[in-house]
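Please keep the sequence and the structure in view while reading.

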Amino acid sequence: MEVDALTLGDQSLVECINKRSWYNPFPKVRYTERPDVTAAHILEGKIALLVDNNPSAMLLPTSIFDFLEDVDDYYSPILTGNYLRLLRNAILLMTLFITPFYLLITEYPETLPEHLKFLIPTDPYYIPIFWQFLLLEFAIDGLRLASLNTPNSLGMSLSVVGALILGDFSIKTGWFLPQTILYMAIVSLATFTQQSVELGFAIKFFRMLLLILTSFLGLKGFGGGLIIGFIMLASTRTFTGEPYLYPLIPFNGRALMHLLFRTSIKSAKRKV
């Protein structure tokens, strides 16, 4: 007797019920292993799916703003929770724009004011800055994969020593600039401030798209990449067919305020 079953747990279920395009990296399902996060989403009217042999719950439908929230903000006072949430969202934008923007200003150095001229690289290098950023994107992911198979007792020491040796050698040989390594190190560390791995990779792919378009088309490519990203977000729908950018599109000021800022629990329950 043939039996249809999920072979790889929750991701197989998502692929069965999700009809999104392969080129759209933005996640539509939020995963969590915390009961308080699951309970909070259920109270907001969302659905929690539990799959056999999987420790995490699938929460849906979710918009882009649901991934910007963190339940730990509500375990802190309102002022502290707002600071942490605003800092986390600012870091998210920084990880998206820092390397494409730096590539853009190196292509138009004459537009920089005199007090920002120090951003322009003066050290000799043999690989274009665009390829430096692209190679570093792949190198960082390669180091992450290697760390998964490294014994815990050696993981930290090998990561630190390997990063120092490879970084110093690549600068001395002219492969990479200190600036490109610095900015990619900032991006790599800042990625861990986001709780969603899926959203982190979506931002990464969007950042690489901005790098490619900026390299080939300059300022027009940078602006075109922003337009492409916004159109992709605006055209994306949740599992229930609602806009992925709700409550920004369509605009709901009260709900948007509760998603962007840490408010009291009583008022947050009325955001839907």
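What percentage of the 272 residues in the protein chain do buried residues make up? The share is 42%, where buried means under 20% relative accessible area with a 1.4 Å probe and protein chains only. This is a predicted model, in which local features need pLDDT of at least 70, side-chain atom pairs count only at pLDDT 80 or more, and totals for chains, interfaces and linings use all residues. Residues are numbered from 1 along each chain as its sequence is written, and side-chain values use heavy atoms, with hydrogens and water left out.

**Overall architecture**
- The secondary structure of the protein chain comes to 10 helices and three strands, taken as DSSP runs (helices H or I, at least four residues; strands E, at least two) and numbered from the N terminus.
- Of the contacts (heavy atoms within 4.5 Å) between residues at least 6 apart in sequence, 66% join residues at least 24 apart.

**Nonpolar cores**
- The largest nonpolar core has 19 residues, and those with the most contacts inside it are Tyr-102, Ile-129, Phe-133 and Tyr-183; such a core is a set of buried Ala, Val, Leu, Ile, Met, Phe, Trp, Tyr and Cys residues joined through side-chain atoms within 4.5 Å.
- H3, H4, H6 and H7 each supply at least two residues of this core, and the largest share, six residues, comes from H4.
- Apart from this core lies another, of 17 residues, among them Phe-67, Leu-68, Leu-96 and Leu-233.

**Packing of H3 against H7**
- The two helices pack at an angle of about 10°, with their axes 9 Å apart, the axes being lines fitted to C-alpha atoms over the stretch in contact and the angles running from 0 to 180 degrees between N-to-C directions.
- H3 and H7 are therefore roughly parallel to each other, a label that applies to angles under 35 degrees.
- Residues making the contact include Thr-99 and Leu-103 of H3, together with Phe-206 and Leu-210 of H7.

- Thr-99, found in helix H3, is buried, with a relative accessible area of 0%.
- Leaving aside residues up to four places away in sequence, Thr-99 touches Phe-133, Tyr-183, Met-184, Val-187, Arg-207 and Leu-211.
- In H6, the buried residues include Tyr-183, Met-184 and Val-187, and what covers the buried residues of this helix includes H3 (78-107), H4 (129-148) and H7 (197-217).

Notes:
Buried < 20%, exposed > 50% of the residue type's maximum accessible area, 1.4 Å probe, protein only. Parallel < 35°, antiparallel > 145°, perpendicular 65-115°, else oblique.
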